[in-house]
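Here is a protein to explore together, one piece at a time. Take a look at the picture before you read on.

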Amino acid sequence: MSSDQASKRSIKKTKKLLRELFAFWIKWTGAGWWTIEIRYLNKKKELKKGVWKYKNGSVVLMKCFPDWRYVRATIWVNLPQCALCSREELESTVVHELIHIFLNELRSKKRGHEERVACTLASAFIWVRDQTMREEQIAHARRRIDK
Ligand SMILES: [Zn+2]
C-alpha cells in the first residue's frame with residue numbers, strides 16, 4: 001500500500017504504533033500460527049535493498065514475503081514513509097499485508113486480483129472489529145440503563 005499524506009509522527013512513535021497494530025492484527029486475522037518476522041527499515045542503506053516506488057510514482061509502505069511451504073513470512077516496513085501516514089492508513093496497511101500471507105499461495109503472474117482481494121478482506125476485518133466495538137458499546141450502555 002502507498003501514502004501521500006503528511007504528518008509529524010516520530011520514527012520511534014511510528015514503530016511503537018506499528019508494533020501494537022501488528023500484535024493486535026496478527027491475532028485477529030488468525031495469522032498467529034505463522035512465524036512472522038517484521039523488519040522495520042529506517043536507514044537509507046537498508047531501504048536501498050528494495051524498490052519502494054510503484055510505476056505510478058506512489059511510495060510503497062510495506063512488503064510481505066510469505067513462504068507458504070514453511071508457514072513463514074517476512075514483512076518489510078518502510079518506516080520513514082509510515083511516519084507520514086495516519087493511524088487509519090497504517091492499520092489498513094498492516095491488515096492488508098497480513099492478508100497477503102493467506103493469499104500468496106494463489107499468486108499468479110498478474111497480481112491485480114490478489115491486491116484487490118487483500119484490500120477487500122482488510123476492509124472486512126476492520127469493519128467487523130469496528131462493528132463489534134459499536135455493538136459492545138451499545139450493550140454496555142443498555143446494561144447501565146437496566147441497572
Ligand atoms: Zn498488497
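Two strands pair if DSSP finds at least two bridges between them. The strands (E, at least two residues) and the helices (H or I, at least four residues) are themselves DSSP runs, numbered from the N terminus. With those terms in hand, here is an example: glutamate 37 has threonine 74, in E5, as its bridge partner.

## About the model

This is a predicted model, in which local features need pLDDT of at least 70 and side-chain atom pairs count only at pLDDT 80 or more, while totals for chains, interfaces and linings use all residues. Residues are numbered from 1 along each chain as its sequence is written.

## The overall picture

The protein contains five helices and five strands. Taken along the principal axes, the C-alpha atoms fill a box of roughly 60 × 40 × 30 Å.

How many of the residues are buried? To answer, we need a rule: a residue is buried if 20 or more other C-beta atoms lie within 10 Å of its own, exposed if 12 or fewer, and partly exposed in between, with the C-beta atoms placed from the backbone. By this rule, 23% of the 147 residues count as buried. Contacts have a rule too: two residues are in contact if their C-beta atoms, placed from the backbone, lie within 7 Å. Among contacts with a separation of 6 or more, 72% are between residues 24 or more positions apart.

## The sheet

Three strands make an open sheet in the order E2-E5-E4, with mixed pairing. Strand E2 (35-41) and strand E4 (62-67) are at the edges with a single partner strand each, so one side of each has no neighbour in the sheet. Direction ignored, neighbouring strands here are turned by 15° against each other on average; such axes are lines fitted to C-alpha atoms, for helices over the stretch in contact, and angles run from 0 to 180 degrees between N-to-C directions.

Strand E5 (residues 72-78) pairs with E2 in the parallel sense over seven bridges. With E4, E5 pairs in the antiparallel sense over six bridges.

## The hairpin turn

E4 and E5 form a hairpin with four residues between them. Valine 71 is in the loop that joins these two strands. Its phi is near 55°, which is a positive value in a residue other than glycine. Is valine 71 buried or partly exposed? Valine 71 counts as partly exposed, because it has 13 C-beta neighbours inside 10 Å.

Helix H4 (residues 87-103) lies across E4 and E5, running at about 20° to E4. The expected span of a helix is 1.5 Å times one less than its number of residues. For the 17 residues of H4 this gives 24 Å, and the end C-alpha atoms are 24 Å apart, which agrees.

Of these 17 residues, 12 are buried, so H4 is largely enclosed by the rest of the structure. Among the buried ones are Leu90, Val94, Leu98 and Ile101. The buried residues of H4 pack against helix H1 (11-28), E4, E5, helix H3 (79-82) and helix H5 (112-146). For a close-up, look at valine 94: leaving out residues up to four places away in sequence, it touches Leu18, Leu21, Phe22 and Trp25.

## The nonpolar core

A nonpolar core is a set of buried Ala, Val, Leu, Ile, Met, Phe, Trp, Tyr and Cys residues joined through C-beta atoms within 7 Å. The largest one has 23 residues, and those with the most contacts inside it are Val77, Cys82, Val94, Val95, Leu98 and Ile99. H1, E5, H3, H4 and H5 each supply at least two residues of this core. H4 gives the most, with six residues.

## Helix H5, hardly covered

H5 has 35 residues and reaches 51 Å from its first C-alpha to its last, close to the 51 Å expected at 1.5 Å a residue. How many of its residues are buried? The count is three, and H5 is hardly covered. The buried residues are Ala118, Ala122 and Phe125, and what covers them includes H1 and H4.
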